[in-house]
Every structure is written in C-alpha cells, then in structure tokens.
Amino acid sequence: MRRYLFALLLALPAAVMASLPPSLDQAVQRISADDANNRVLNQLQAATLALDLGNRELAGELFDAALATITSVYADSEQAARARSLWYDEGAKDFKGEPYERAMAFYYRGLLDMYAGDYENARASFKSGLLQDAFAEEEQHRADFALLMFLEAWSSHVLGARGLADERFEELLTFRPGFRLPEANHRLLVMVETGKAPRKLQDGIGGNVLVYRPGRRFREEAVRIRVDGKALDLTPIESIFWQASSRGGRPIDSILEGQVQFKQTTQSVSADVSGVAAHATMLSPAFGAAGGVFAGVAAVAGVATLATSRVKARADHRFWNNLPDKVHVLTMPMPASREVQVEFLDASGAVINELTQTARIEVDAAGRGVLWARARRATDVDRP
Amino acid sequence: MKGIRSLAVCSAVLLSACTSTGVNNTAGRATVYEDVRTSSPIVQGVGIESQDIVAMTDRMMRDMLSNQLLAGRTPAPRVIVDSQYFTNESSSRINKNMITDRLRIELQRAAQGRMVFIGREYSGMVEAERELKRTGVTDAGTIRSTRATAGADFRLVGRITSADAVDSSTATASRYQQISFEMIDLEYGTIVWSGLYEFKKTAQDDIIYR
C-alpha cells in the first residue's frame with residue numbers, strides 16, 4: 001500500500017499536490033488509501049476529475065498509470081487465479097474495467113494528447129481503445145465504438161494523412177450512416193459529454209450475473225453551442241451505456257455460473273448428508289462401534305456446509321462512476337471567437353438553463369483546436 | 001457404495017480446496033534494475049518496449065555505418081537525425097524521440113567522424129545566440145564565427161505502423177509492428193539508405209479480464 005502512495009507522491013510535483021482542490025485531493029488520496037485491487041478504478045476516477053477541473057498534467061499522469069496496468073497482460077498471475085477460485089468474489093481481482101471502460105481510458109488519454117497538440121499519439125490511443133472493444137462476445141457489436149473511430153479519423157484529418165482519414169471515415173459511416181464528415185477546412189473539434197455513467201449491478205442467484213443500467217437523475221439529451229452569433233447542434237456519436245450493455249456475456253460469467261452450480265450441488269450434498277447424520281446421531285448408541293462411521297458422515301456434511309457458505313460467486317460490479325452517458329461531437333472551421341456558449345437540451349428540446357456554460361477553444365501551434373466540455377461535474381456521480 | 005465413494009472424493013476435494021490461499025504480496029517489491037534489452041517478467045504488453053527500441057536502433061546504426069553512400073564520403077556528410085519527419089501511424093503510444101535520440105547518439109559515438117550531425121531541433125537556440133554575438137551583447141566566443149549555420153546533406157525520415165488482430169474466441173491479441181527508417185538526400189530528394197525493423201507480439205490475458 002505504502003509503495004503505491006510513495007510511487008504516486010514521487011510522480012507528482014509537490015507544488016501540484018499542495019494546490020489540489022479538496023475533491024481532487026480526496027480522490028487522489030483514495031488511490032493509496034483504498035484496497036490495492038481498486039487502484040486502477042481510483043486512478044481513472046481521479047484522472048477524470050482532474051481533467052474536469054483543468055489539471056491536465058495530473059490527469060495525464062493518472063491515466064498513464066491506469067493504462068499501464070490495463071495494457072499489461074495478466075498471465076500466470078496468482079492474483080488473477082484467486083479471482084477465478086471458488087473462495088473469492090470476482091471483485092477480488094485487480095480492476096482493469098470492462099472493455100467499454102478500458103476504451104474510455106484510451107479516449108481520455110487521446111483527448112489529453114490532442115490538447116497537447118500530439119495528434120499522432122492521440123490517434124494511437126484511439127486505435128488502442130477501439131481494440132478493447134474487439135473483445136465483445138456478440139459479433140455484431142465488436143469494434144463498433146464509433147466515437148473512437150471518428151476520433152482516429154479526425155486525428156489523421158488534422159495531420160493531413162488523407163488516406164488514413166478517409167479509410168476510417170468510410171468505416172464510421174457504416175455504423176453512423178448520415179454522419180456529417182469534416183470538411184477539408186475544418187480545424188476545430190467540439191466534443192461534449194452528457195449524462196452519467198452506466199451502472200453495473202449484481203443480479204441472478206447470489207449476485208453472480210452482471211447487468212447494466214443507465215445512470216440516474218439526469219435529463220440532458222442533446223447539446224447546442226453558440227459561437228460567432230450562430231447556434232450549432234452537435235451530433236450524438238456514442239452512447240456509453242449502449243457500449244457497456246451490448247457486449248454480451250463474458251467468459252468469466254461461465255466461471256461464476258459454475259461456482260453457483262457448485263454451491264447448489266454442495267448445498268444439496270450438505271442437506272442430504274446432514275439428514276443421514278442427524279438420524280445416525282440419534283441411532284448411534286444402538287449401533288455401537290458403527291456409530292463412528294456416521295460420525296464421519298456428519299463430518300463430511302459439515303465440510304460441505306462450510307464449503308457452501310464459503311463459495312463466492314458474486315460478479316464484479318465496481319464501475320467507473322464519472323463517465324458520461326453520451327458523447328456529442330461537431331467539427332467546424334476555426335471561429336473568430338474563442339469563447340463558446342454550451343447549452344444542454346432535454347428530450348423535448350428545451351434548454352436546461354442551469355447546465356448552460358461557457359467554454360474556451362484551445363488552439364495548438366499548428367492551428368488545430370479542441371473544445372471539450374461536460375454537462376456535469378465529475379463529482380456528480382451515482383453510487384452502486 | 002458408489003455414493004459413499006463419490007461423497008469421499010467430494011469431501012477430499014473440498015478439504016484440499018479449503019486450504020488454498022492467495023499469495024500475500026502486501027509487503028511489495030523492492031526496486032530492482034532490469035536489463036533494457038530483455039522483456040520484463042512483471043509487466044508485459046503487445047506495444048513497443050525498451051528491448052525493441054534498443055534492438056532496432058542498434059541494428060539501424062550498424063546498417064547505416066556499413067553503407068558507403070552515407071558513411072564512406074569525404075568530406076563526412078552532414079545528417080539530421082530527429083523525430084520531425086518520423087511519424088507514428090501505429091496503435092502504440094510512444095515518444096518518438098526515444099527512438100531517434102538513441103539512434104543519433106549511438107550513431108555519433110560509433111561513426112567516429114564519418115558523419116557530422118546537425119542539431120536542427122535546436123536551431124532557434126543557435127540563432128538566438130548568434131544574434132547576441134553579432135549585436136555585441138556578448139563577445140564572439142572562442143571557437144570561430146561562420147557566415148551561416150550548417151546546411152544538411154541527409155535527413156532521417158521514418159514511419160511506425162502496426163496491424164492489430166484480436167481473436168475474440170480466445171481473447172488473444174497480437175500486434176505486428178513495422179518501423180521504417182530512410183535517409184533522404186536533401187538536395188536531390190533521393191533515398192540513399194533504407195532500413196526496416198519489424199516484430200510481432202501475441203498475448204492472452206487471464207480469462208477474468210476477457
């Protein structure tokens with residue numbers, strides 16, 4: 001535990017640590033204070049908060065640390081073997097997130113690269129994120145993360161790699177027919193997030209089944225910006241809830257199902273043998289030495305009962321709680337004004353005044369701009 | 001009888017399973033130096049790692065020095081080796097300077113004057129200093145004065161590309177990486193030397209993460 005705290009403290013400049021807002025300071029402290037197997041989850045949540053609060057240096061360091069674990073391969077790992085065993089919940093494993101969460105970690109890493117004007121590494125991040133989505137069990141939903149596809153193509157577009165951009169934009173249109181592709185003179189990307197993170201819930205017998213539900217208590221569904229006297233609607237390009245809930249069953253689900261079956265079998269063995277043992281205990285004085293055999297049977301029943309009570313088959317329902325529900329995008333030529341008003345609309349098209357905000361376009365040395373905003377603070381989250 | 005035997009087997013399995021415990025690694029692991037030329041046994045992925053950078057730059061360096069068009073000229077040619085025209089189109093995030101810096105430094109050490117390296121990346125700094133000298137803010141220094149800074153004969157360009165594949169039935173991920181290096185004649189536009197480094201890595205994560 002101390003190792004992680006120490007490593008983090010070494011990684012962060014003292015001045016940065018000293019000046020953190022309380023909510024971010026708390027989120028960073030949680031990385032070392034919480035269980036070690038939640039480290040990546042806490043890093044991702046703290047990184048998102050840091051990004052939301054404009055501390056991109058810290059956000060970058062935290063996303064890098066989280067991605068280092070996400071991309072490392074757990075093979076012959078004792079810790080992973082433990083999470084597979086009968087005696088531990090799936091939540092005993094180191095959190096690396098489900099494919100949609102891993103993909104979103106790459107999305108934010110790429111966003112930070114775009115802010116830094118490093119579109120080549122941004123493109124690498126978006127490509128890597130897209131690969132995470134290739135692990136979906138349901139074939140029709142494999143690698144259909146349109147947001148990352150679009151961002152990969154956009155990165156190639158602003159880098160002047162026309163062939164690579166066209167190839168990806170063409171693929172994007174198969175998933176989002178009618179999507180308005182960027183024109184040659186577009187240099188500004190507007191990206192706005194709405195809603196709250198998909199929630200993971202335990203369902204089934206003893207919570208062995210993982211189910212997804214949309215985030216709660218938000219009503220923004222669409223985004224509009226006002227810049228240079230014009231009102232422009234953004235296109236919703238990705239539903240994170242859809243990405244979470246459409247991947248299909250996971251291989252680990254079969255293991256959890258097996259654990260439930262084992263539990264049910266041992267329960268049944270325990271009940272049957274307990275019945276025999278109970279009769280044997282009553283009758284043992286009459287059977288004399290044979291009573292020892294029944295005592296052994298009772299011991300087996302006890303072991304079966306103990307095993308049943310110790311079998312853990314609950315699915316891992318830890319989730320990255322400050323992700324959005326949807327992401328909306330717009331590309332355009334660079335406007336004269338650097339200040340943009342961002343409005344959020346509900347399902348009926350009415351502006352939700354309390355969410356309206358002003359955001360600033362950031363332009364790199366090569367004249368490429370990014371405007372990223374989110375409807376809600378990264379501290380406005382649902383609890384499991 | 002058969003029932004009692006299976007019950008005994010079941011109890012033996014249960015008893016042995018109950019004794020299994022996880023590995024206690026809470027004490028952590030002390031810092032150790034690892035060989036940059038070998039794959040880390042602890043953290044592995046399918047991206048570009050230290051041993052790949054070391055191996056590729058070593059090979060490119062040897063190849064360049066054995067090329068007479070580059071390393072056999074008199075006077076020694078002036079070359080630029082930096083990441084300006086070295087593009088990353090792959091799915092691996094990387095600081096390209098790690099490749100070009102190592103290549104330039106190892107090349108310069110091994111070339112023994114057969115090539116002259118130009119720090120075009122620092123031309124702004126050089127121009128600013130020359131301006132200070134020429135306006136009399138500072139003196140002229142002790143080496144010499146030249147009418148202009150050095151022009152280059154050759155410049156390194158290159159590209160990092162990758163092809164990824166995921167077998168969703170086994171969750172096996174593989175990445176084929178190709179890193180191309182080329183030296184361009186800055187007057188005539190011809191390519192005087194080319195080198196290619198490629199490798200493929202395959203990995204399969206534990207089932208709990210698939």
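This is a predicted model: local features need pLDDT of at least 70, side-chain atom pairs count only at pLDDT 80 or more; totals for chains, interfaces and linings use all residues.
Q: How many bridges join strand 1 of chain A to strand 11 of chain A, and do the two run parallel or antiparallel?
A: Strand 1 and strand 11 of chain A run parallel and are joined by six bridges. In general, the strands of a sheet pair through backbone hydrogen bonds, in either the parallel or the antiparallel sense. Pairing here requires that DSSP find at least two bridges between two strands. Strands (E, at least two residues) and helices (H or I, at least four residues) are DSSP runs, numbered from the N terminus. Within this pair, Leu189(A) stands opposite Val370(A) of strand 11 of chain A.

Q: What is the order of the five strands in the open sheet of chain A?
A: The order is 6-7-1-11-10, and the pairing is mixed. At the edges lie strand 6 (235-239) and strand 10 (362-363) of chain A, each pairing on one side only. Strand 1 (residues 188-194) pairs with strand 7 (residues 326-332) of chain A in the antiparallel sense over seven bridges, and Met191(A) faces Val329(A) in strand 7 of chain A.

Q: Which strands of chain A does helix 9 touch as it packs on the sheet?
A: Helix 9 (residues 146-159) of chain A touches strand 1, strand 6 and strand 7 of chain A. Its direction makes about 120° with that of strand 6 of chain A; such angles run from 0 to 180 degrees between N-to-C directions, with axes fitted as lines to C-alpha atoms, for helices over the stretch in contact.

Q: How many residues of strand 11 of chain A are buried?
A: A residue is buried if 20 or more other C-beta atoms lie within 10 Å of its own, exposed if 12 or fewer do, and partly exposed in between, the C-beta atoms being placed from the backbone. In strand 11 (residues 369-374) of chain A, five of the six residues are buried. Strand 11 is joined to strand 10 of chain A by two bridges in the antiparallel sense, with Glu362(A) as bridge partner of Val370(A). In the hairpin of these two strands, which has five residues between them, Gly367(A) takes a positive phi near 80°.

Q: What is the order of the four strands in the other open sheet of chain A?
A: This sheet has the order 5-4-8-9, with antiparallel pairing. Its edge strands are strand 5 (230-233) and strand 9 (357-360) of chain A. On average, neighbouring strands are turned by 30° against each other, direction ignored. Strand 4 (residues 222-227) and strand 5 of chain A pair over four bridges, and Arg224(A) has Asp233(A) as its bridge partner in strand 5 of chain A.

Q: At what angle do helix 5 and helix 7 of chain A pack, and how far apart are their axes?
A: Two packed helices are described by the angle between their axes and the distance between the axes. Helix 5 (residues 56-71) and helix 7 of chain A pack at about 140°, with axes 10 Å apart. Among the residues making the contact are Phe63(A) and Ala66(A) of helix 5 and Tyr108(A) and Leu112(A) of helix 7. The contact residues divide into nine nonpolar, one polar and three charged.

Q: Which residues touch the most other members of the largest nonpolar core?
A: In soluble globular proteins, nonpolar side chains tend to be buried together. A nonpolar core is a set of buried Ala, Val, Leu, Ile, Met, Phe, Trp, Tyr and Cys residues joined through C-beta atoms within 7 Å. The largest core has 79 residues, of which Ala47(A), Ala66(A) and Phe150(A) touch the most other members. Its largest share, ten residues, comes from helix 7 (residues 99-115) of chain A. Another core, of 22 residues, lies apart from it and includes Ile48(B) and Leu70(B).

Q: What share of the residues counts as buried in chain A, and what share in chain B?
A: Of the 384 residues of chain A, 45% count as buried. In chain B, buried residues make up 22% of 210. Chain A has 13 helices and eleven strands, and chain B has five helices and six strands.

Conventions:
Residues are numbered from 1 along each chain as its sequence is written. Chains are lettered from A and ligands numbered from 1 in the order in which they are written. Two residues are in contact if their C-beta atoms, placed from the backbone, lie within 7 Å. Ala, Val, Leu, Ile, Met, Phe, Trp, Tyr, Cys and Pro count as nonpolar, Asp, Glu, Lys and Arg as charged, and the others, Gly among them, as polar.
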